[in-house]
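Trainee: Could you walk me through this fold the way you would read it yourself?
Mentor: Gladly; let us look at it together.

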Amino acid sequence: MINPDTYLFGWWGTNLSTAQTLLIEDFQRYLYKSHGVSDGFEYEELKNDYWWQLGSTIAVSHNQARSGAGSLRLLDDNTANLTAGSRLFPGMRQGIVKFSLYAHSLADSFSFSLREPYSYMHAAEGTMFQFFVESDGSLKVYNSAGGRIELPVTTDLTLDAWHDIELRFDATAGTIGVYVDGAFKGTAGTYKSGNLVTHFNIASASTGATGTDVYIDDLTIRNTEAGLPAAGTVGTEQPA
Ligand SMILES: [Ca+2]
């Protein structure tokens, strides 16, 4: 007898003499509790991926791609508005955020942050974790006093190259671990206080300056609070 929460999906293969099957265990958990996010920026409509765009220069671009053909470009080309965007996702207390970053210009710097629902602008309440890539490529984090400091292991992000960034946050503990290109850079604390992270925000530093031109790709955000199911084999493989 199959567990009532186990589903076997089947469909024809490339011809009617073959069949494909996919077995999903813990289906309800898969459906309702997998609070994950994955954006490859292969489609033009960011709003369908729950992005908010502030300004027309947050857009899918085909100039650069970490994978596929597209990425998300943030181009600060005006002095009228702050250039920023936010990716909304179900609230998480613990999770892993991964993305790849390609900076063509950091003339007006670049920030990325994890925030509570109501928090949007720089230094707004609920900005739990905020990072800042300076014009010289150094990666800094905001401390609770509002200062921008280096991580325990310093980082210089070279221009015109992809860098893989991974953030492991725990909102309850108020900590975030940072990995760049697979190397651990240390743990930081919160900037502003908060309990729940529910959006990923990117922005250039200021309204008045211009020039930042940054691409991000392969964004994944995963809720790790409930742990991950263990993978196992179902049975022996049958010959074709
Ligand atoms: Ca892509």
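Mentor: Let us begin with the sheet. Seven strands make up an open sheet, ordered β4-β7-β16-β9-β10-β11-β12, with antiparallel pairing. Strands here are DSSP runs (E, at least two residues), as helices are (H or I, at least four), numbered from the N terminus; two strands pair if DSSP finds at least two bridges between them. β4 (51–54) and β12 (148–150) are at the edges with a single partner strand each, so one side of each has no neighbour in the sheet. On average, neighbouring strands of this sheet are turned by 25° against each other, direction ignored; the axes are lines fitted to C-alpha atoms, for helices over the stretch in contact, and angles run from 0 to 180 degrees between N-to-C directions.

Trainee: Before we go on, what kind of model is this, and how is it numbered?
Mentor: This is a predicted model: local features need pLDDT of at least 70, side-chain atom pairs count only at pLDDT 80 or more, and totals for chains, interfaces and linings use all residues. Residues are numbered from 1 along each chain as its sequence is written.

Trainee: How many bridges join β9 and β16?
Mentor: Five bridges link β9 (residues 110–115) to β16 (residues 197–203), in the antiparallel sense.

Trainee: What about the loop between β9 and β10?
Mentor: His 122 lies in that loop and is partly exposed, with 17 other C-beta atoms within 10 Å.

Trainee: Is β1 covered or hardly covered?
Mentor: Hardly covered: of the six residues in β1 (residues 7–12), the number buried is zero. β1 pairs with β2 (residues 19–24) over six antiparallel bridges, as a hairpin with six residues between the strands. Trp 12 stands opposite Ala 19 in β2.

Trainee: Which residues have the most contacts inside the largest nonpolar core?
Mentor: A nonpolar core is a set of buried Ala, Val, Leu, Ile, Met, Phe, Trp, Tyr and Cys residues joined through C-beta atoms within 7 Å. The largest one has 44 residues, and those with the most contacts inside it are Leu 101, Ala 103, Leu 114, Phe 169, Val 214 and Ile 216.

Trainee: Finally, how is the protein divided into domains?
Mentor: Domain bounds come from an automatic or database domain assignment, which gives domain 1 (1–34) and domain 2 (36–223). Their C-alpha centres lie 36 Å apart.

Conventions:
A residue is buried if 20 or more other C-beta atoms lie within 10 Å of its own, exposed if 12 or fewer, and partly exposed in between; C-beta atoms are placed from the backbone.
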